Amino acid sequence: MKLLYIGGGFVGTCSAAVMADAGHEVLVYDIDPAKIAALSSGKRDSIENILFERDLADYILKHKDRLTFTSAWDDVKQWLEQTDAVFLCLPTPEKNGQEGESDMSYYQSALASLGPALAVRNNNKQDHYVVIINKSTVPLETADMAQEILAQHGARNFGVVSNPEFLVEGQAVHDSVHPTRVVIGASSKKDFEIMRQVYARWYNVPRIAYVEVNPFEAAAGKLLANYLLFSRLANTFDVVGRLCEVFPHMRFEQVRKVLTTDPRIGTWGFYDSLHAGGSCFIKDAASLAYQLEQKTDRTALVRDALEANRYQLQHFFDRAAQEAHFDFKGKTVALLGAAFKQETNDVRHSGALGIIELLLENNVKQIRVYDPVAYDSLHRWLLTAFGSTAQQRERYGVPLNEKIVHCFNAEEVWSPDTSCTFIATDWREFQQLPQQFQKLCKSPHLIMDGRRIWCHAYDELQQAGYDIIAVGSPFLKAIPI
Ligand SMILES: NC(=O)c1ccc[n+]([C@@H]2O[C@H](COP(=O)([O-])OP(=O)(O)OC[C@H]3O[C@@H](n4cnc5c(N)ncnc54)[C@H](O)[C@@H]3O)[C@@H](O)[C@H]2O)c1
């Protein structure tokens, strides 16, 4: 089949690459020419700098004959003449200050371009039926909205389907090739039939749940799935981890063993962390709360999960002053990790960004950051969050690239005057660092482990004279040498 993707971010590009692997011919359109240039460069480095996902560059390079990228709308118009399905993979962020209401302007703008293009196609007698697929995570009524906008622009002979994406960043390609479920929300037999052809590789396959529902149920299923996962994390941080922080004699890992051996409780989400970040959980829980609030006043549970996650980050940071009496003013701090989790360069809502903001507020002298892949994303975020170099100089006395230093390996992160280390991302390679750390950093030094990634070495580090504040542990004060 011929497929069009509108939006070539994490979801659009990963899904498009896997659809090309499944044998479809795919065009990806994105309004960001720099992203398109990188994705169509044919170079692994350029692709991974813009989108780091395991195996993604391989798929893009392997299927270059069936998978093309463009930022030219004229290419889209031509492609539409024979397209069977259009995937909309657009951002649906939270509107600023709207308590969770989704900003649907990216959707509306894409549909306002797509509608007339479909209408022209209809007028040219290219009256080939096309399904328009919401792949983004969207408010429940989005399929109706899309139908209306497209019809207003004169489009005919199309259906709107909801096909939410369940991929997990860091394993997005694997998840798309081997999904546990495919969810199709459609309102006509014809649309279900076309979607079965689009997903032929996964239809009627053992161990893949192919779920056919209506567009409302599909959109609700995605929002609710993200909320339930998010609330599991909020419970782990704010109840399980907190209990282990405030009572002595308990190791988080031991308590976890007790809990996760109950199959009803399961294992997912039983790790402690400074923050549940990423582009989806927070905004989707907020969107769910907002939509519920339009109809009912019983939304406390959803709002509490959001508040627990916000509190977790602030509380973790505040423990440095409250428990270790550490003052960040004028200090050099090492930060291990920028991405919101391992195996991705996505920094959206990452705990590391929250820590950087808090450190800057506390007049830190320098933050030395090491992340194996996310430094470019961090740099782009700094420009968006703190404005131009001139604006940064005005606010902080120097441009932020002088205060926030990029380190190319873990060794560089520890300069002789570093007196505190934050661990914000659970990159596996960080687990091995306590030995190196002890060689490079003499005590006194405060370790702020926001991932419990050095938990295997806490005893040794305490005995070597380091103070440790870890999520899910009480203050582990250095044992005088
Ligand atoms: N990232 C995830 O792990 C994940 C997982 C499941 C669902 N989702 C949902 O999928 C949607 C997309 O997420 P993402 O992570 O891919 O976002 P993203 O920001 O990585 O990608 C969105 C892309 O859309 C492009 N874009 C914006 N307006 C456009 C327009 N008018 N025409 C063409 N392109 C346009 C942007 O340039 C960007 O490249 C969101 O609703 C998200 O909640 C994300």
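Here are some questions and answers about a predicted model of a protein chain.

Q: Which residue ranges does the domain assignment give for domain 1 and domain 2?
A: Let's start with the overall layout. The assignment for the protein chain names two stretches, domain 1 and domain 2. Domain 1 covers 2–213, and domain 2 covers 305–470.

Q: How far apart do the C-alpha centres of domain 1 and domain 2 lie, and how many residues does each domain give to the contact?
A: The C-alpha centres of the two domains lie 36 Å apart. Even so, the domains do touch: the contact takes 11 residues from domain 1 and 10 residues from domain 2.

Q: Which three residues supply 58% of the area that domain 1 buries against domain 2?
A: Between them, domain 1 and domain 2 bury about 870 Å², with 40% of it on carbon and sulfur atoms. On the side of domain 1, three residues supply more of the buried area than any other three. They are Asn49, Phe52 and Glu169.

Q: How far apart are the closest N and O atoms of Arg348 and Glu169?
A: Across the interface of domain 1 and domain 2, the rule finds 2 salt bridges. To count, a side-chain nitrogen of Lys or Arg must be within 4 Å of a carboxyl oxygen of Asp or Glu. Arg348 and Glu169 form a salt bridge, and their closest N and O atoms are apart by 3.8 Å.

Q: Which helix gives the largest share of the side of domain 1 that touches domain 2?
A: There are 4 residue pairs in polar contact between the two domains. On the side of domain 1, the largest share is 3 residues, and these come from helix H3 (residues 44–50).

Q: Is Asn345 buried or exposed?
A: Asn345 sits in the loop between E9 and H14. Leaving aside neighbours within four places in sequence, its contacts include Glu48, Asn49, Phe52 and Val373. A polar atom of its side chain lies 3.4 Å from the backbone nitrogen of Phe52. Because its relative accessibility is 2%, Asn345 counts as buried.

Q: What is the phi of His349, and is His349 buried or partly exposed?
A: Most residues other than glycine have a negative phi. His349 is not a glycine, yet its phi is positive, about 55 degrees. This residue lies in the loop between strand E9 (332–336) and helix H14 (351–361). With a relative accessible area of 40%, His349 is partly exposed.

Q: Is Arg452 buried or exposed?
A: Arg452 also has a positive phi, near 55 degrees. Its place is in the loop between E13 and helix H20 (458–463). Its relative accessible area is 5%, so Arg452 is buried.

Q: How far apart in space are Met1 and Lys190, C-alpha to C-alpha?
A: Met1 is found in the segment before strand E1 (2–6). Apart from neighbours within four places in sequence, its contacts include His24, Asp84 and Val198. Met1 and Lys190 are 189 residues apart in sequence, and their C-alpha distance in space is 16 Å.

Methods. Residues numbered from 1 in each chain as written. Predicted model: local features only at pLDDT ≥ 70, side-chain atom pairs only at ≥ 80, totals over all residues. Heavy atoms only, no water. Domains from an automatic or database assignment. Contact = heavy atoms within 4.5 Å. Buried area = accessible area lost by both parts, 1.4 Å probe. Polar contact = N/O pair within 3.5 Å; in protein donor to acceptor, adjacent residues only side chain to side chain. Helix = DSSP H or I, 4+ residues; strand = E, 2+ residues; numbered from the N terminus. Buried < 20%, exposed > 50% of the residue type's maximum accessible area, 1.4 Å probe, protein only.
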